[in-house]
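Good morning, and thank you for coming.

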Amino acid sequence: MISGLAPRGQRPWWRDAVTYQIYIRSFADSNGDGIGDIGGIRSKLGYLEKLGIDAIWITPWYPSPQRDHGYDVADYLDIEPDYGGLKEGELLIREAHELGMKVIIDIVPNHTSDQHRWFQGALNSQPGSSERDRYIFRQGKGVNGELPPNNWQAVFGGPAWKRVIESDGRAGQWYLHLFAQEQPDLNWENSEVVRHFEDILKFWLDKGVDGFRIDVAHGLFKESGLPDIRRSWIERIFGRSNLTRMLSPEHKPFWDQEGVHQVYRSWRKILDSYPGDRMAVAEAWVSPASRIARYVRSDEIQNSFNFEMLTSLWKADEIRKRINNSISALAEVGAPTSWVFNNHDVVRSLDRLDLGLANHGDTTFSRQGDGSRLDIARGTLRAKSATLMALALPGCTYLYQGEELGLPEVRDIPEDRLTDPRWKMSNYADRGRDGCRVPIPWKSSPRGAFGFSNDENLTAEQAWLPPSPWWGEYSAESQEDDPNSTLNFYRKALAIRKNEPGLGDGPMEWIDAGGQVVAFSRAGGFACYINFGKEIALPKGSPVLHSSGPLSENFLPTDTAVWLREKK
Ligand code: NOJ
């Protein structure tokens with residue numbers, strides 16, 4: 001028993017919540033411009049209520065040149081006019097609250113857009129000025145400063161530094177961008193940056209948001225002196241590849257530095273000064289789990305995405321190990337763990353779990369695998385089983401739009417329509433993340449880009465990212481009345497979870513059902529079995545509450561998961 005944990009309903013909502021991620025550009029378009037917007041989200045609140053989620057997380061809705069689809073923010077205190085503007089955002093917050101849903105917004109503190117007034121000011125100012133000090137500008141190396149200040153690479157590919165032209169027309173300093181060139185990194189040693197973000201938090205908390213998803217929460221601070229990345233002896237001898245990087249933990253002078261924790265301590269104080277259990281969730285790609293636990297210590301933020309399942313293969317041993325590690329690391333600090341199988345940055349779980357992809361790699365092939373080998377039926381079954389597991393494990397769960405429709409990764413977007421900066425920055429080696437960001441098919445007919453847009457005349461090609469001709473097969477409309485649809489499977493799972501007081505945060509017990517089965521029980525006689533091996537017999541006399549696929553009498557087939565009420 002986790003000591004001191006109040007019963008569900010009496011403890012903070014974020015300890016148990018199922019949060020649904022809305023990738024705003026691709027969710028629903030209310031004004032026919034081919035881009036999702038707040039009006040579109042408002043029009044689907046009824047759908048979300050019926051789905052049964054507790055909270056929505058909206059990807060960045062700020063004014064932005066959209067070089068990285070909103071993760072390049074030009075103004076943190078406003079909403080992109082194309083998305084509907086500030087007033088419409090306030091309406092959405094109010095309406096979601098009326099339906100009992102919490103609203104989490106994205107905040108992007110590691111970098112701004114290059115169009116942010118601060119960065120424009122920095123470009124128009126001299127080296128050494130207070131304007132430049134808000135970012136990370138440095139002199140280059142080499143005789144004329146023609147070489148980047150260090151050997152860091154951008155996450156999307158290529159060098160992490162760009163040289164600017166100074167007011168005298170000559171090439172001058174370099175600035176750091178860990179992501180796209182249009183996303184200059186802020187200098188978190190600068191007190192004005194620190195204060196500005198505190199004001200941003202208060203601005204949105206005053207507007208009623210319930211929480212923040214902190215983008216690149218493990219970034220912000222860089223190792224002092226910005227040292228070169230040291231290559232390990234394995235990499236020096238065998239070259240730089242994913243394998244050698246994995247074998248020898250890479251020196252990462254820009255991730256997970258101690259300074260970030262001071263920021264989150266002060267953010268926690270701000271969150272706690274508002275009523276209603278306001279929260280923040282960290283996007284911190286750090287490992288092992290004990291490093292993640294440091295972000296959710298009792299005086300820091302409340303929650304962190306647990307990315308363990310994004311890099312796991314569909315193997316019982318591996319999954320069991322990751323569950324144990326995640327839960328024990330977070331229990332040390334009294335924080336609930338979270339479960340994530342999908343988001344807007346990774347190949348959809350249906351494909352990943354079927355093709356055996358652990359979701360890392362530098363090229364399209366290594367990230368996305370060979371789509372011709374994809375078995376859609378098996379992938380769908382595994383993805384649904386993973387969902388039953390995530391919803392039954394202790395803590396909270398983050399779902400990503402479209403997974404409730406069983407959407408696969410889209411692999412046939414024409415190259416000239418790819419928009420992810422990763423495509424260009426990887427020198428066209430990696431198609432990037434667009435395949436999981438295709439606009440949601442609400443209707444079966446191609447009109448309005450499969451119902452993505454209210455304007456029926458909008459064609460699929462006119463949507464910002466074009467859905468493929470087969471997209472309508474997955475539409476919400478076609479699944480609405482089918483009791484066996486993935487959509488109705490999710491609805492039932494979420495309804496059961498809501499009424500099971502033993503689910504969400506709290507203890508679990510492993511059940512020994514053989515090496516190829518992951519099985520555990522929760523308070524109230526609730527049990528979850530996921531079968532990774534050959535068909536097994538289930539315990540007799542335990543009523544089935546839900547399953548990811550058909551059961552043959554008392555047997556649980558391969559790749560299938562089941563929720564049971566254990567016999568007393
Ligand atoms: C993480 C976000 O999830 C991703 O979409 C974005 O490209 C990077 N951070 C940079 O902001």
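Let me begin with the largest cavity, which has a volume of about 110 Å³. The model is a predicted one, in which local features need pLDDT of at least 70 and side-chain atom pairs count only at pLDDT 80 or more, while totals for chains, interfaces and linings use all residues. Residues are numbered from 1 along each chain as its sequence is written, and side-chain values use heavy atoms, with hydrogens and water left out.

A word on the method. Rolling a probe the size of a water molecule over the atoms shows where empty space is left. Here a cavity is a set of points, on a 1 Å grid over the protein atoms alone, where a 1.4 Å probe fits but cannot get out; lining residues have an atom within 4 Å of a point. Points are joined across faces, edges and corners, and a volume is the space filled by probe spheres set on them.

The lining of the largest cavity comprises 13 residues, and Ser349, Ala383, Glu403, Gly406 and Tyr490 lie nearest its centre. Which helices each supply at least two residues of this lining? They are H11 (349–355), H13 (376–392) and H17 (486–499), where a helix is a DSSP run of H or I with at least four residues, numbered from the N terminus. H13 gives the most, with four residues. By class, the lining has four nonpolar, six polar and three charged residues. In this scheme Ala, Val, Leu, Ile, Met, Phe, Trp, Tyr, Cys and Pro are nonpolar, Asp, Glu, Lys and Arg are charged, and the others, Gly among them, are polar.

The whole structure holds three cavities of 30 Å³ or more.

I turn now to the ligand. Of the 14 residues around it, Asp68, His111, Asp215, His344 and Asp345 come nearest; a residue counts as near if one of its heavy atoms lies within 4 Å. This shell has four nonpolar, three polar and seven charged residues. A side-chain N or O atom of His111 is 2.9 Å from an oxygen atom of the ligand, and a side-chain N or O atom of His344 is likewise 2.9 Å from a ligand oxygen.

How values were computed: Polar contact = N/O pair within 3.5 Å; in protein donor to acceptor, adjacent residues only side chain to side chain. 1 Å grid on protein atoms, 1.4 Å probe; cavity = no way out; pocket = protein on both sides within 12 Å on 5 of 7 lines; lining within 4 Å.
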